[in-house]
Amino acid sequence: MTTKISLSPTGDPWLLTPGPLTTSPETKQAMLNDFGSRDHGFIEINRHMRERLVGIIGGEADFVCVPMQGSGTFAVEAMMGSLVPQDGKVLVLVNGAYGQRIAKICAYHGRATEILEWPENEPVDAGEVDRKLAADPAITHVVAVHCETTTGILNPIAAIADVVKVQGRRLLIDAMSAFGAIDLDANAVPFDAVVASSNKCLEGTPGMGYCIVRKETLQQCQGNSPSLALDLYDQWVAMEKTAQWRFTPPVQVIAAFNQALNEFDAEGGVAGRHARYAGNCKILIDGMRELGFVPLLPDDLQAPIIVTFLMPVDPNFHFQTFYDALRDKGYVIYPGKLTVAETFRIGCIGKLGPEQMHGALEAIETTLNELGVTNCAAAA
Ligand SMILES: *Cc1c(COP(=O)(O)O)cnc(C)c1O
């Protein structure tokens, strides 16, 4: 029996994961140069990158972009620590692991925190947020996750933003896995800050996050941060003054991100990227349903980012064996991390198109045959 092995142009497996993701050969190629942090060319790339990121939310008039070294969580922690004053009170909207992580960050910071929680397969309910805010006037900030990557569920960010605004509080958004692929227009949706990273839907390499903040808000944030390295206010002031980063910048990551942003523009920005990912997601869900798998979420709650499938009942299905067999064919998937059900996940984001999605489905079908799995339905 011949097993078809598919690899990326650089000989890597395709990453159908929540990140890091498959990047283009040109993006990887852009990392092959050294830059001094004071290098004129690098400073220009950095300035341009910050402007382009603000442009993605249409925030040119009121927002600034403050990049931060590290993975996405570093940027989330920087946002929470820098924008919420020590006497503030945070309401965290939780329907998955990333919301939980934000609540944990607030606990580390010793900030007064309230949590509103929904099951992982249900979206945040803006009506409940409204009632909670009305009942607790001490809450100053609300923090929401745009796409909860734990399941791939899309939260109703515009409805949440409306109630937060009407109640006169400030909204902070973790849009890590949505930014660049799901529209967020600062002129239509009121919020104070949004955070994302280089290595998700903008298809850069990992190593940098960024917070796009309302300038008027950031100007009031001196002295809030409990951390020196993660102080967004200080990072911003230094960058405005010197055009340089306070501490060693991830220069190759930024050079690669610049190339990834060129490709994002060439694809037609958010609309173009959304269209490709939505196509990937449809191919995936249709194909998996045909094989008998059951997605966790109904289609109307599903963001075209990552799809959660229920673990099949078939006794021949062992996730680790399935995972390894797919990896050997060139496709990397991801375990689930749900409390409501046994699941696994397959991503639709990164430099992937119809060919890779069909290829992954073919590899899955072959693997099921190899393992003797005949029933992919979920346990009742
Ligand atoms: C990926 C992601 C993060 C950041 O995770 P890191 O592993 O630190 O990059 C935060 N929030 C959401 C919703 C994410 O998808």
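## Ligand site and domain interface

A polar side-chain atom of T149 comes to 2.4 Å from an oxygen atom of the ligand, in a model that is predicted. The surroundings of the ligand consist of S71, G72, T73, Y98, R101, V145, C147, T149, D174, M176, S177 and K200.

| Residue | Ligand atom | Distance |
|---|---|---|
| T149 | oxygen | 2.4 Å |

The domain assignment divides the protein into domain 1, made up of 14-23 + 270-371, and domain 2, which covers 33-266. Taken over C-alpha atoms, the centres of domain 1 and domain 2 are separated by 27 Å, and the contact between them draws 28 residues from domain 1 and 29 residues from domain 2. About 2,300 Å² of area is buried between domain 1 and domain 2, with carbon and sulfur atoms giving 61% of that area.

On the side of domain 1 that touches domain 2, α10 (269-290) and β11 (306-310) each supply at least two residues, and α10 gives the most, with five residues. Sorted by class, that side of domain 1 has 16 nonpolar, seven polar and five charged residues.

Side chains of opposite charge can pair when their charged atoms come close. Three salt bridges are found across the interface of domain 1 and domain 2, while a search of the whole structure finds 18 salt bridges. E263 and K351 form a salt bridge through their side chains, at 3.8 Å from N to O. Another salt bridge joins the side chains of R170 and D192, where the N to O distance is 2.8 Å; this pair links distant parts of the chain, since R170 belongs to strand β8 (residues 170-174) and D192 to the loop between β8 and β9 (193-197), 22 residues apart.

Two details of the backbone remain to be described. Most residues other than glycine have a negative phi, and most peptide bonds are trans. The peptide bond from G19 to P20, however, is cis, with omega near 0 degrees, and P20 itself lies in the loop between β1 (14-15) and α1 (25-29). E203, although not a glycine, has a positive phi of about 60 degrees, and E203 is located in the loop between β9 and β10 (208-214).

Technical notes:
Residues numbered from 1 in each chain as written. Predicted model: local features only at pLDDT ≥ 70, side-chain atom pairs only at ≥ 80, totals over all residues. Heavy atoms only, no water. Domains from an automatic or database assignment. Contact = heavy atoms within 4.5 Å. Buried area = accessible area lost by both parts, 1.4 Å probe. Salt bridge = Lys/Arg side-chain N within 4 Å of Asp/Glu carboxyl O. Helix = DSSP H or I, 4+ residues; strand = E, 2+ residues; numbered from the N terminus. Nonpolar A, V, L, I, M, F, W, Y, C, P; charged D, E, K, R; others polar. Near = heavy atom within 4 Å. Polar contact = N/O pair within 3.5 Å; in protein donor to acceptor, adjacent residues only side chain to side chain.
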